[in-house]
Amino acid sequence: MSERSLSMKPMAPVTIIPTAKALLALIRNPLDALPPSIFSEPFVFSKTAGSIKIYLSDPALIHETLVTNADALGKGDQVRRALGPALGTGLLTADGAHWKWQRQSVASAFRPSSLKELQPAMLGAARNARDRLLEHTHQPVDIGHEMMKTTFDIIVETMMSGGHGIDVGRVERSITDYLSPSGWNFALSVVGAPQWTPYPGRRRAMKAVEFLRSSLTTVLEKRRRNNCGSEDLVSMLISAADPETGREMTDVEIIDNLMTFITAGHETTALGLAWTFDLLARHPECEARVIDEIEEVTQGNDVMAHHVPDLHYTKQVFSEAMRLYPPAPVITRTALKDFTMGDFLVPEGTVIFVPIYAVHHHASIWNEPETFDPDRFLPEAAKSRHRYAYMPFGAGPRVCIGNAFAMTEAVIILAVILQKLRFRTIDKTPQPIMRVTLRPRTSLQMQVVPA
Ligand code: HEM
């Protein structure tokens, strides 16, 4: 996309989207509520229910907004409404100083040296998944469910020292129950309906939150009773102190963060992996290259932590799967004060969408955007693109804190599983549907085949 095409006129054309049409699309699948021209234009201003919204898919404008003007932005009503009941004001949903001290409090858990120590737990969970799957050879499995279980085991083991008996099946169902009616939340926030407005699935969603938060309260109470001396996320949150005031986190704030990490920290990677296995099964030549690479790097031995940096093609495959199916498909911000973007003044209160899904499928950024081609992530090809042409983990100070954690666990899971088995498709690939994260509309069933 040329630099010239970015310059915005103060009077940019506004696409009017009829409110009823927008609301219906939001409820059914918020991806369908994106203005179609955002897949080919650098930005779109749209008007729904009387208010202007900005959609950005130009990498330079995204940089100017999410990075340069990060201080002028907050998460806004849409995000808090959709996620607040579950995540309170934890790291993902907080703004300003409250966000900053929470991020600083947990940052050390995500440094490269800390991540290295977590790799044995990742390998252990991946091997358990492989062995579980090998018991189902020539049978269909729900690959999304299998990956959820695997990444859940990892997050609980690495961040909460095992989690002491949380019911993983019920957690998975509860997250689905909570996220299923999220389109209603987006729609109701567009028309400014009060938070208590009833909608289909609300009661079930609230029950799910109650279960999730009470499970984590039990974990915290147990930890306070018998401090096991583990240096993990729970202990970091318990001992965190605000550098300005010295204030420690309340139990509610600790639970907000445990909820944030347990949900943001496993569902996203699991979805990315499920889409990856589907894509590999449909592209046997890419699958063969991954398998050859694993064989060459491990020399037929078990996958170990020191193999991970050499599994370049495996990582390219996961990156390309997240281009086509970004697990977090849309980022939302609200302007907390006026700021300039290009030569346009964005007024306070404006809602800004960065539809990662549209950026990753954009006709001006990618050749044949719908084609699965992991070679797009060869170092030279990646270097020739704008830094924000590809952004599955977001951008700026709010970039995903678990970015490196997710890439490491994904490569480990792919390598450990593909060393011993493959998956074959049974049906057509389901359509992606946005439920905060990008899920398959129907479960992704695949047949397990031994290597
Ligand atoms: C493939 C996997 C993942 C994807 C695609 C992903 C994507 C994202 C994105 C796009 C954001 C930014 C949201 C925004 O700007 O509004 C984000 C934030 C966040 N992610 Fe991830 N994530 C993944 C894995 C993880 C993991 C493994 C963890 C934790 C172990 C994690 C924890 C978080 C947290 C706590 C935030 C909020 C950070 C902040 O606001 O300071 N994520 N993630």
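Reader: Which residues are buried in H9?
Author: In H9, the buried residues are Ala205, Ala208, Val209, Phe211, Leu212, Arg213, Ser215, Leu216, Val219, Leu220 and Arg223, where buried means under 20% relative accessible area, exposed over 50%, and partly exposed in between (1.4 Å probe, protein chains only). This is a predicted model, in which local features need pLDDT of at least 70 and side-chain atom pairs count only at pLDDT 80 or more, while totals for chains, interfaces and linings use all residues. Residues are numbered from 1 along each chain as its sequence is written, and side-chain values use heavy atoms, leaving out hydrogens and water.

Reader: What do the buried residues of H9 pack against?
Author: They pack against helices H3 (76-87), H6 (143-160), H7 (168-179), H10 (233-239) and H11 (251-264), with contact meaning heavy atoms within 4.5 Å. Helices here are DSSP runs (H or I, at least four residues), numbered from the N terminus.

Reader: Why is leucine 188 called buried?
Author: Its relative accessible area is 11%, which is under the 20% limit, so leucine 188 counts as buried. Leucine 188 lies in helix H8 (residues 182-190) and touches Arg81, Ala193, Thr197 and Tyr199, not counting residues up to four places away in sequence.

Reader: What makes Cys400 a donor of the iron atom of the ligand?
Author: Its SG atom lies at 2.3 Å from the iron, and donors are N, O and S atoms within 2.8 Å of the metal (3.2 Å for Na, K and Ca), so Cys400 qualifies, although water is not among the atoms and sites may look incomplete. Cys400 is the only protein donor of this iron, and cysteine 400 lies in the loop between helix H16 (379-383) and helix H17 (403-418).

Definitions and conventions: Helices (H or I, at least four residues) and strands (E, at least two) are DSSP runs, numbered from the N terminus.
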